[in-house]
Amino acid sequence: MATVIICRRFPSRICTTSTFSTTAKNQTRKKWPTQTPQGCVQSPEEISIKPKAAATFKLLNPPGSRVLYSPLACNSTKRVARGSSTRHGEQGPPEKDTTNVTEKQNIYCIPSSQGTPGTRNAFLDLETRETSVPRPCVDEVMKDDVQEADVEIFNTFEDPRVFLKLRPEYQHHSYNKSEAWQALSIEEGELILHKVTVLQSNLQPRTIADYFDKLSSLPMEQHSVLLSNIKFTMLCQLSLNKIQLFEASDLIDILKAFVRLGIPYTHPMLPVYEGEFCRRVWGMNLDELLLVADLWRCLGRSVPGFLKIFFSYLNLHWKGLSLSQLVHLIYIIGEGRQVPQDLIQKLESLVLKYLDLLNLEEAGTVCLGFFKTSSSLSEYVMRKIGDKVCAQMQHLSNYALVNILKMFRFTHVDHIDFMKQFGQIAPQRIPSMGVQGVMHLTLACSALRYLDERVMNAVAASLPPRVAYCRSKDVAKILWSFGTLNYEPPNAENFYSSFIEEIHRKMPEFSKFPDHLFTSLLGLAFAERFPLDLLDFALSPAFVRLSQERSKFELTKELYTLDGTIGIECPDYKGNRLNGELQREGAVMLWNLARQDMTSKPEFLEALFLLQTILGGPQYIKHHMILPHTRSSDLEVQLDVNNKPLPFNQEAIPTDMTTSHLKHMGVSLTDDLLTRLLKGRSSTHHQAESEDRVEKRPLSPGGFLSRGGPPEVATLCSLTGPQAGVSKLAIQVTNRNQYCFGSRHLLGLHSMKRRQLRRLGYIVVELAFWEWFPLVKRTRSEKLSYLHEKVFNSGF
């Protein structure tokens, strides 16, 4: 009696399924939706996309044959499906190529333990309604719309290995899955398995390796069935029993067979093989060791023990690495996410040695390998790479371009020519790039403070139709990047509304990665957009507690910045707020960071001292964080109705008796007197003394700490405008890092801070770096004149 099993894929966004993969021309693939977080709701537009593949499986049971249920075979099939959903950055099984599916599949039966070992066939008839159905990759999945151009899909396993195809030398120390081998018929496979049961312990190590090699040449549709066969399990056990008798070449051949068969990376026999390779490291050459490391990567298994010994070996033999061995090694290191610092420094010297010989894809591989291990390349090397790429960027693949930008972002090297060339080619590439690649390009621009409107406009125009295929990380980084660069694209309303809607749809995913939600909301706050329901949820006690438990990052600063922003810019907001304890913790944390930053800058210290001189003493000026949640400090000055300074800082401690005489006795200010004041008793000494006193002083219940302490958080959101006739100045000594690169376009956080200061009635007075920094080297008279003009004429 025939049994028919029908398996269909329905267009439901909550369905977690996988399809078979195929390879398109030019290393691109058609775009297909993939699995999405639970709780997502499918839009009508998505339902209307073209039908997915539907397959009908007919299991025929010929008379006289046995059809036995095999849990191992089913688990193997599920394992292949799960392999494509490994999260980016995690070590997981590589994606398997299931394109060579034939119409009929012969499945080995597992014989009964009570019967004589025998082999019978069951036939699996597979009928597909579409001849080739590409499998989506979770990292880069685009919306399947016939009106859209084909979008490149990023394959987390294949794309990083493109460089291996560009030099014949790589064949000596890397695994090539497209390598041709003689196919083995099913009958021959049955015969080999029968020999295993007959000969068993009499099998020689070389014969065992040969059997693995031949069995791995079975048709691909037979592999999952083979793995569940008890005779194959017997062969695996025999290999473990005699593992120490194998030659190194035999072990490598067995590992290759494991890769071709798709042995799961969690298989219990693999640790034994890893241990044996660890024991043999010092007796192998560089090509063999690289090949073994590459095979472990193809299996998707993390082998830190093997890599640790391998790296010890390399510390003695690194000078003998050829160009291809070096690039391949850096790839292996990046995928393993670990490397001793002394070794990576040696490898950087080799990168510099071979730099002129590297092709563009190899340069991208080097950058990615260093990036994944959080290892910096020197500024000199990065500039050389930038120069190399600039000359032929049009030939650079999107994947290599993203990898090189990652390293520029990590090292903060500002290569002007590279970024200009990038600004010319990126807008044309962005519509055909995957979402994750677009995210990395955008994030690199924000990290480098590089605002190119052509690039940002292309990103903003490209993403709204594809936003459903962004991960929570992509949503967060893109919103953060636009907010940080303080840029509103022409389609801002559509752009931001689509991302806010996607945050709502992806709340289950954001709950797993709470730091992504705070990053998204801060990016929106920089752009003056406040989704109140999301803010209420993010600041709820339950979610705050969840974020502190799950996130690997310290989120107090983000929580405090978000909470303080709401208090000023959302006066009608009645939702959740941060509790007092976290507010105090955030205030102290941010004040310590801001104080250390400002008091280490000589241009700021000189401005502070000269302003005290002009105004008449420290009681007329206060260095503190007017808005502590904005992460930077200011110099506050208050002027009365007659434009005269007010001594509002009553707790200020005079730094010198001389300055006291200047205030009370009216001593005339001359260049000579100022010279003696500045070159006499060090103002830095007094600054250090006063800061020491501040550190030991608790928070004042009335508001501010004396001489620059953080404000009591209770006063933060109750700050009011100036009293009648009083002008409150917030004097800011800015620097280049507060502006987009090479421009006077203020970044998002600092723009938001000024917006909030003005809401509270402050007049923002900027000592701009392009004005003040050159003056620092000029005469004191010029500096005093400049500061006097800024303070007393800013409000008029």
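The model is predicted. The protein contains 33 helices and 8 strands. Of its 796 residues, 55% are buried. Among contacts with a separation of 6 or more, 78% are between residues 24 or more positions apart.

**Salt bridges around Arg-206**

- Searching the whole structure gives 30 salt bridges.
- One of these joins the side chains of Arg-206 and Asp-250, with an N to O distance of 2.3 Å.
- Because Arg-206 belongs to helix H4 (residues 205–215) and Asp-250 to helix H7 (residues 248–261), this pair ties together parts that are 44 residues apart in sequence.
- Arg-206 also meets Asp-253 in a salt bridge, here at 3.7 Å, N to O.
- This second pair again links distant parts of the chain, with Asp-253 in helix H7 and Arg-206 in helix H4, 47 residues apart.
- Arg-206 is partly exposed, at 41% relative accessibility.
- Asp-250 has a relative accessible area of 5%; buried means under 20%, so Asp-250 is buried.

**Other salt bridges**

- Glu-335 and Arg-297 form a salt bridge in which the closest N and O atoms are 3.3 Å apart.
- Here the linked parts are helix H11 (residues 323–336), which holds Glu-335, and helix H9 (residues 286–299), which holds Arg-297; the two residues are 38 residues apart.
- Glu-335 and Arg-297 are both buried.
- A network of salt bridges links Glu-528, Glu-569, Arg-755 and Arg-759.
- Side chains of opposite charge can pair when their charged atoms come close.

**Open sheet E5-E6-E7-E8**

- Four strands form an open sheet in the order E5-E6-E7-E8, and the pairing is mixed.
- At the edges are strand E5 (622–624) and strand E8 (763–767), each of which pairs on one side only.
- On average, neighbouring strands of this sheet are turned by 30 degrees against each other, direction ignored.
- The pairing of E5 with strand E6 (residues 634–639) is antiparallel and runs over 3 bridges.
- Opposite His-624 stands Asp-634 in E6.
- Strand E7 (residues 727–733) pairs with E8 in the parallel sense, over 5 bridges.
- Ala-730 has Val-764 in E8 as its bridge partner.
- Of the 5 residues in E8, 4 are buried, and the strand is mostly covered.
- Strands of a sheet pair through backbone hydrogen bonds, either parallel or antiparallel.

**Packing of helices H14 and H15**

- Helix H14 (residues 379–390) packs against helix H15 (residues 398–411) at an angle of about 150 degrees, and their axes are 11 Å apart.
- H14 and H15 cross in a left-handed manner.
- H14 contributes Met-382, Ile-385, Gly-386 and Val-389 to the contact, while H15 contributes Ile-404, Met-407, Phe-408 and Thr-411.
- By class, the residues of the contact of H14 with H15 are 6 nonpolar, 2 polar and no charged.

**Packing of helices H19 and H20**

- Between helix H19 (residues 472–484) and helix H20 (residues 492–505) the packing angle is about 145 degrees, with axes 11 Å apart.
- The crossing of H19 and H20 is left-handed.
- On the H19 side, Val-475, Ile-478, Leu-479 and Phe-482 take part; they meet Phe-495, Tyr-496, Phe-499, Glu-502 and Ile-503 in H20.
- The contact of H19 with H20 divides into 8 nonpolar residues, no polar and 1 charged.

**Val-162 in a loop**

- Val-162 sits in the loop between strand E4 (121–128) and helix H3 (186–199).
- At 15% relative accessibility, Val-162 is under the 20% limit and so counts as buried.
- In sequence, Val-162 and Ala-400 are 238 residues apart, while in space their C-alpha atoms are 9.8 Å apart.

Key: Residues numbered from 1 in each chain as written. Predicted model: local features only at pLDDT ≥ 70, side-chain atom pairs only at ≥ 80, totals over all residues. Heavy atoms only, no water. Salt bridge = Lys/Arg side-chain N within 4 Å of Asp/Glu carboxyl O. Buried < 20%, exposed > 50% of the residue type's maximum accessible area, 1.4 Å probe, protein only. Pairing = 2+ DSSP bridges. Axes fitted to C-alpha atoms, helices over the stretch in contact; angles between N-to-C directions. Left-handed = near helix turned anticlockwise from the far one by under 90°. Contact = heavy atoms within 4.5 Å. Nonpolar A, V, L, I, M, F, W, Y, C, P; charged D, E, K, R; others polar.
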